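Here are my notes for your review. Please read them with the model open.

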Amino acid sequence: MNSTIPSQTTLPWLWRLPALVYRSGALIISLLLIGLIVLLSGASPIEVIGRMLVGAVSTPDQIGRVVATLSTLLLCAAGLVYTFNAGLYNLGVEGQVTFGAIATTFVLRLLYPEEATASLLPPPLTIALGILAGALGGVLWGLLAGALHVYGRISEIFAGLGLNFAATGVAIYLIFGPWKRPGVASLSGTQPFDESLWLGTFGQTEATPVGLGLGLLALLITIVVMRNTYFGLRLRAVGKNQYAAHVLGVPARQQLLSAFFICGLFAGLAGAIQVVGVFHRLIPNISSNLGFLGLLVVMLVNFDPLWVLPVALFFSALNIGSLQLPLSLGLESSLAGVIQGLLVLFALLGRGLAQRYAAS
Amino acid sequence: MNRSNNRFKALAAFTLLGVIASACAAPQSQPAPSEPTAAPQQPAPSEPTAAPPAAEPFIFGMVIVGPVNDKGWNEAHFKGAQYVVEKLPNVKFEYVDKVNPADRPNVKGSQVADEMIAKGAKLIIFNSDDFKDDALETAKKHPNIVVIHASGDYAWKEGKNYKGQPNLGNLMSKMEPGWMIAGCASALGSENGKIGTVGPLINEETRRYASAAYLGARYCWENYKKRDPKELQFKITWIGFWFNIPGVTLDPTKVADDFYNSDFDVVMSAIDTPEAAIQGKKAAEAGKAVKYHHYSYKGGCEPAPDICLGVHYYNWGPGYLDIVKRVLDGTYTATWTWAEPDWSDLNNPDTSAFGYLKGKALGAENEKFLDEFIKGLGDGSIVLWKGPLNFQDGSVFLKEGEVATDQQIWYLPQLLEGMEGPSK
Amino acid sequence: MGLFACATAGFGLRVKVELQHIHKRFGPVHANDDVSLTVEAGTIHGLLGENGAGKSTLVKILSGFITRDSGVILLDGRPAHIRSPADALRYGIGMLHQDPLDFPPLTVVENFMAGSPSTPPILNPRAAEREFRRWCARFNFDIDPHAQVGDLTVGERQQLEIVRLLANGVGTLILDEPTTGISASQKTLLFQTLRRLADEGKSIIFVSHKLEDVEALCDRVTVMRRGQVAGELDLRPLHAGAQQASSHHPEIAARIVELMFGRALAMPTKPPTRRDEVVLSIEGLVLRSDRLEIRVDQLSLHRGEVVGIAGLEGSGQQLFLTACAGLEPPAAGSIHIAGHNLTHRPYADFLRAGVCYVPADRLREGLIAGLTIQEHVALRASGRHFFIDRAEVRAEAERAIAAFNIRGRPDTYVERLSGGNQQRTQLALLPAPLSVLVMEHPTRGLDIESTLWVWQQLIARCQQGTAILFASSDLDEIVQYSDRVIVFSGGRVSPAIPVAELDVELLGQMIGGRF
């Protein structure tokens, strides 16, 4: 089809507003819509947002859970910075988390068999090996998506979604089959690991220093790599224009596979932390959908890792605070999902409009 | 512009879809306004220990695994908690339902309990076997809070899994006799002795329930129908969970259909959802002489009343009321309670741990037999957990004349000899 | 016919189309600058010009796909108010697009019924099929009414579209590059059909950049260049007498080439830089794309030599250039660089051998929008270290900016640069020892000063021993700066001719496909 759609240059000048207007306009519209939806569900919008944010920070437990969520979210988001910058929509991040968790569980079960009374190796070493295995599992799943995309010419979106299903399928098979709890096969997961294999926490909360450390470290590395290395530059070049990057001599395939590799690595670490730090066992939805949340975070910050931390913190708080909706307001907590989704949707819309129409 | 923009659009559409989906889900699963239960009103017992209304209310919380309107296990617990609120003044009840990783990712049962305790709850009830780890974790973390894990055994001193946690108790309705009655009704309703059961997942609880049903069926087939026990075919197919999860469990619709189509004239449901009733109704409309028996929900006969043999259902109200009262007056100690039915009046909401409703398809003559059977179970003249009984693999479970202990029943390792279907 | 007749009764036959003083701007680009065109009823009028000359814009204005900024459209002397394709169709103007605007998942008859302004609310497939068969029989089209449109060839889809437009009562038919991608026999049939429609009194506008097609078919031709009408010619003398006689009017062909490309040829100005050593040699090369097949039997480039490629755009130059640069694998034949056989070797090997490609579409293929000048400089230096030394990269970018006189700062995004400065940036990014430089339109869109400057740089490269292979639509540029010239015409490739032996007439004939 010929390009008969009017391009930006044919728009009347009235449309050509500064980018900020589009972005803030979209935000305002999204807030109004959210308010309307909350009103329709019979509550006060101010109260809902207030409760959700206050409900994320009013007890040490809540803060701990925000930090635990943030740790996993940071790992996913840091990994996604690479794929997004390479121009890839790696929806397979969820499967990479899941498969990392499976690999971690596998190694922990190997080193601490069900009938044993103690770990075969010193527990810290066992945990470390488990986390390493998680990273490798994530890498495997990431590279699988990468190979399907680069060599099989399958859209990475569909490759990723397919591999998500596959990873969940494997997890469910293991939980209901070979790894089921003695006497019980249940969606609640495998038998919890011995407490010696749990990551230490901050006090009695659920936040683990190791998890938070890994998340922050991953983000820091990502910031440095994306801003200060040739690798990061090549990745951005491939993401912005794969053909031109190729013409300029950037090995595009290698870069794409590297992005899948690193994203898989970080996502696999996230899965490992979910196992040894959060759930202490393998459950079917081990990722807690934090991979998808990571996608939203990275899209919101326009793929710039510098802004990942504050936005990820905000969404972690929203995620934890959403439990207040059924508890104190008698509201369905999927309302939090609606709020989150609308915020992201309109932020993206604002960005898209700004890119397309804004006066430079 | 081109490629990434299309991706962007696809993704935006994806997000939008999610938003719409959750928006649609929201109103539908709003917690139902607390309507008064159908329980006959009794004068509220005046509790000497209950504080006057002006004081801080006593709050207890319930962590519920599924939706509170599931017409099964979760609704029964929810109604039980509502019953407590009706019976006691100045008692408040908080709950979060659908606490499972599929419905609420990133939320654990213990986290919900933490939240409720932070809001002042003094008693936390976990309503599913799935919460055994969460219940223990919560009890350890909050030693001043009473934690009840329904259906568990961590507080059973004589049990295998006793944890010695002083503030963690268990409550379970003793449904095994209910299953015997169900099995009996099914045998009475069957002409050819082929009884199929749509089972959930395999664990100790479901093994003992299925075995109890078989014992009831065999007794009534032999003693009331005067038929040879060898003619009785009792088969169970486990779907893998309490309800259908496409792609994960077997499809209960198909399992029920398979029974009806391969000449089983009675199908017992042991899952939370009504596939056995619905497929049975279709089979009956197609001219097959089939009947079904339902489980866990009082209205279980409603989908197809004409072919319903009966339903046994949980009644958690009295059990929870007792616990709350004792926590209120400070006399609660962590125990494992296997709550008994009221044999004098099975359907009494204030006294019985489970109830039984007969269905239309049973028939007047069989009703007499069933009443006789219930009476026998109640007065101890009929004891079915009694030797000689063998396990499915032929090994001896109970010797001649030996009566099973509670432990032997609770931790039943296998199905019984004569039953078809996997034990593990 | 009854189905559609009523809506178009007033415009069925013999319409004279006049466009007067049409202006259309796309931002800074003046795509149509005071264009006037008259198409007499019963004639086929060619609209010829290079890509970007403004011919597509003009016909899209006439067919309502684009609205004009100013100007008048007259049909039989009466002003027509055309704001949309539906308006145009009501005036009996229909356009056949290069990629047919049909509905591939539907069947032929369904397509035939769809898109008509007068389709009754209740469709009558059998009547439509009967009518469709009648139309096909009239023009000897052989299309199965029940075939899926997605399964048809481009030529068949074109036939379907023509029939659909005619059934809608179209009296003025516009065809945009209709001979691209169809078979020879389909082309013959198409030309017969168009001739017959013209004889019936319809006005036909035939948009093309293919000289030979225009010569073979059109009664008149209007040549457009840079948004303006460069001139108009009567082609009827070509058709007088026997059909094959067309080749006897070289002066007309030369005149068309002159109109398309400008005045008479410039003088060669390139100093001799050619050395004896062969650096690029091609043997029996066969290249295929979905629309073209090109054969180049033999071509050798010497160090320091410049070979220019002339020809109308879309004749396979880009395919050939990308193959020489190692970006596209050939279907057959071999490519040697400095004596090494690099056929089917990865692009990285070509880069290592000192081959570099500078594409015409700077922002799509040559530079990366969203990256700055210094990031491009760093990208070229990539591979030596892990961390970027920002200070060094910045200094290097500043050196390049000064040396190549780029109007920008190191942190200027390349898409913010003007076309000339983008081209300077591309040149600045070329590595230092270079064996073969492959370029597409090296000076397109640049002002005279920049053009001169670019060629100074390029000739300096030649003096260092670099061979340059470039394609251009500017014949002056080719003649001025090449040692030898090859001409592409519809997938055929002429031998390389020393620039001293060239004149306009010869070039015109070669571009028209006669060599």
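1. Start with the buried residues of H14(C). Val393(C), Ala397(C), Ala400(C) and Ile401(C) are buried in this helix. Keep in mind that the model is predicted.

2. Those buried residues line one face of H14(C), because they fall within an arc of 100 degrees when seen down the helix axis.

3. What do the buried residues of H14(C) pack against? Their partners are two helices of chain C: H13 (373-381) and H15 (419-428).

4. Now turn to the other face. Ala391(C), Ala402(C) and Ala403(C) are exposed, and they sit on the face of H14(C) turned away from its buried side.

5. Next, the dimensions. H14 of chain C covers residues 390-403, which makes 14 residues. From first C-alpha to last, the helix reaches 20 Å. That is close to the 20 Å expected at 1.5 Å a residue.

6. Check the backbone just after H14(C). Asn405(C) has a positive phi there, at about 55 degrees.

7. Chain A gives 23 residues to the contact, and chain C gives 33. On the chain A side, the elements that give two or more residues are helix H8 (230-240) and helix H9 (242-247). H8(A) supplies the largest share of that side, with 6 residues.

8. What is the make-up of the side of chain A that touches chain C, in nonpolar, polar and charged residues? It has 11 nonpolar, 9 polar and 3 charged residues.

Terms used:
Residues are numbered from 1 along each chain as its sequence is written. Chains are lettered from A and ligands numbered from 1 in the order in which they are written. This is a predicted model: local features need pLDDT of at least 70, side-chain atom pairs count only at pLDDT 80 or more; totals for chains, interfaces and linings use all residues. Helices (H or I, at least four residues) and strands (E, at least two) are DSSP runs, numbered from the N terminus. The expected span of a helix is 1.5 Å times one less than its number of residues. A residue is buried if 20 or more other C-beta atoms lie within 10 Å of its own, exposed if 12 or fewer, and partly exposed in between; C-beta atoms are placed from the backbone. The arc is that of the directions from the helix axis to the C-beta atoms. Two residues are in contact if their C-beta atoms, placed from the backbone, lie within 7 Å. Ala, Val, Leu, Ile, Met, Phe, Trp, Tyr, Cys and Pro count as nonpolar, Asp, Glu, Lys and Arg as charged, and the others, Gly among them, as polar.
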